[in-house]
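Dear colleague,

Please find the structure below, handed over for your records.

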Amino acid sequence: MIQAEGVAAVTDADFDTEVLGADRPVLVEFTADWCGPCRQLAPVLSSVAREEKERLKVVQIDADANPEIVTRYTVLSMPTLLVFDGGEPVKSMVGARPKRRLLQELEDVLTTGSRTRPAA
């Protein structure tokens with residue numbers, strides 16, 4: 001798997017705990033070794049993970065090694081970025097993008113994430 005620096009890897013086994021049970025929104029990148037755009041996205045994810053660590057958890061999952069989660073969320077293309085908040089997928093993006101565009105697309109999640117919502 002193309003590992004973005006500072007971004008944790010999750011698996012079928014720990015996805016529910018690490019992503020669905022997180023205390024803040026989580027950006028999950030579905031990636032694969034053979035995916036060229038995933039390589040382009042790695043430094044972007046590293047930068048976003050570092051800058052937004054208070055408001056956003058960023059993780060990667062190897063799509064080839066973790067078919068259960070890929071199937072559960074019907075991921076068909078790499079890279080797919082899913083944002084989870086409160087255990088639910090709230091946003092889906094496909095393909096690499098520059099950091100500025102990714103942050104724009106995440107703005108609503110970052111400003112209204114779980115920390116600002118009352119507990120259920």
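Glu 18 and Lys 57 are joined through their side chains by a salt bridge, at 2.9 Å from N to O; the term stands for a side-chain nitrogen of Lys or Arg within 4 Å of a carboxyl oxygen of Asp or Glu. This pair links distant parts of the chain, since Glu 18 belongs to helix α1 (residues 15–20) and Lys 57 to strand β3 (residues 57–62), 39 residues apart. Helices (H or I, at least four residues) and strands (E, at least two) are DSSP runs, numbered from the N terminus. Glu 18 is partly exposed at 32% relative accessibility, whereas Lys 57 is buried at 18%. Here buried means under 20% relative accessible area, exposed means over 50%, and partly exposed lies in between (1.4 Å probe, protein chains only).

Please note that this is a predicted model, in which local features need pLDDT of at least 70 and side-chain atom pairs count only at pLDDT 80 or more, while totals for chains, interfaces and linings use all residues. Residues are numbered from 1 along each chain as its sequence is written, and side-chain values use heavy atoms, with hydrogens and water left out.

The search of the whole structure gave 9 salt bridges. One of them pairs Lys 99 with Glu 51, with the closest N and O atoms 2.4 Å apart. Because Lys 99 lies in helix α4 (residues 99–112) and Glu 51 in helix α2 (residues 36–51), this pair ties together parts that are 48 residues apart in sequence. Both residues count as partly exposed, Lys 99 at 26% relative accessibility and Glu 51 at 46%.

Helix α4 also contains Asp 108, which is linked to Lys 91 in strand β5 (residues 88–94), 17 residues away. Asp 108 is partly exposed at 42% relative accessibility, as is Lys 91 at 21%.

Turning to the cysteines, how many disulfides does the structure contain? The count is 1 disulfide, the term being used for a pair of cysteine sulfur atoms within 2.5 Å. Cys 35 and Cys 38 form this link, with their sulfur atoms 2.2 Å apart. The link is right-handed, with 85° about the S-S bond. Cys 35 is buried at 2% relative accessibility, and Cys 38 is buried at 1%.

With kind regards
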